[in-house]
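Dear colleague,

Please find below the structure that I am handing over to you. My findings follow directly after it.

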Amino acid sequence: MPRIRLDLPRERRARLLPEYDPEAFGRLSERIARFLGTGRFLVWMTLTVVVWIGWNVFAPSALRFDEYPFIFLTLALSLQASYAAPLILLAQNRQDDRDRVNLEQDRKQNERSIADTEYLTREIAALRMGLGEVATRDWMRSELLDLLKEFEERRISHPLRADGSEPTR
């Protein structure tokens, strides 16, 4: 029995199946599925079937390749459907994966927005509380008007002499 060395990686074994890039295959399947879901595909498929049936009904007998009941046409359409269904499912799965990632990103963004909004709400509340203790322009104006009225009342009730001194009582 040969000695196994643990300090060296194993040699690669020959693979029986060919290797492929799953992303490239997924992109190809999405392109095919996208085409299968278009009106253009339906028009081309309808034209193909009409030409196929027309050729095999109206062409000379020697040139007909699929006589009625059109077994070869049925086989071709079944083969197309058997490949189309898994390709469409693969494309839908890839779209679901993308949607899941986008949904997760949207959820995280919403959480950040909510946190930011809550922070700003707290800051605005703190500013309002702080402004409650600060003298505002209207408050200062009302205080000055009150003082002015008080001075006017004193001036009327206690007039000054011409030299600016208060009269003695």
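I begin with the surface. Trp55, Leu63, Phe65, Phe72 and Leu75 make a nonpolar surface patch of about 540 Å². Patches are made of residues with over 30% relative accessible area and no salt bridge, like charges being joined within 9 Å and nonpolar side chains (Val, Leu, Ile, Met, Phe, Trp, Tyr) within 5 Å. Accessible areas come from the Shrake-Rupley method with a 1.4 Å probe, and for residues only the protein chains shown count as cover. Of these residues, Phe72 is placed in helix 3; its relative accessibility is 45%, so Phe72 counts as partly exposed. Here buried means under 20% relative accessible area, exposed means over 50%, and partly exposed lies in between (1.4 Å probe, protein chains only).

Please note that this is a predicted model, in which local features need pLDDT of at least 70 and side-chain atom pairs count only at pLDDT 80 or more, while totals for chains, interfaces and linings use all residues. Residues are numbered from 1 along each chain as its sequence is written, and side-chain values use heavy atoms, with hydrogens and water left out.

Helix 2

Helices are DSSP runs (H or I, at least four residues), numbered from the N terminus. Helix 2 comprises the 20 residues 39–58, which at 1.5 Å a residue should span 28 Å; the end C-alpha atoms are 28 Å apart, in agreement with this. The expected span is 1.5 Å times one less than the number of residues. Phe41, Trp52 and Asn56 are buried in helix 2. Viewed down the helix axis, the buried residues fall within an arc of 15°, so they line one face of helix 2; the arc is that of the directions from the helix axis to the C-beta atoms. These buried residues pack against helix 1 (22–36) and helix 3 (71–132), where contact means heavy atoms within 4.5 Å. On the face turned away from the buried side, helix 2 carries the exposed residues Arg40, Leu42, Val50, Val51 and Phe58.

Salt bridges

The structure holds 10 salt bridges, a salt bridge being a side-chain nitrogen of Lys or Arg within 4 Å of a carboxyl oxygen of Asp or Glu. Glu23, Glu30, Arg94 and Arg98 are linked in a network of such bridges. Arg94 belongs to helix 3 and is buried, with a relative accessible area of 15%. Leaving aside residues up to four places away in sequence, Arg94 touches Pro22, Glu23, Gly26, Arg27 and Glu30.

Helix 3 also holds Asp97 and Arg100, three residues apart, about one turn of the helix. Their side chains meet in a salt bridge (2.9 Å, N to O). Asp97 is partly exposed at 41% relative accessible area, whereas Arg100 is exposed at 52%.

Glu111 and Arg107 are four residues apart in helix 3, and are therefore separated by about one helical turn. They form a salt bridge whose closest N and O atoms are 2.4 Å apart. Glu111 is partly exposed at 45% relative accessibility, and Arg107 is partly exposed with a relative accessible area of 38%.

In helix 4 (residues 137–157), Arg141 and Asp138 lie three residues apart, about one turn of the helix. The side chains of this pair meet in a salt bridge (3.9 Å, N to O). Arg141 is partly exposed, with a relative accessible area of 47%, while Asp138 is exposed at 52%.

With kind regards

Key:
Helix = DSSP H or I, 4+ residues; strand = E, 2+ residues; numbered from the N terminus.
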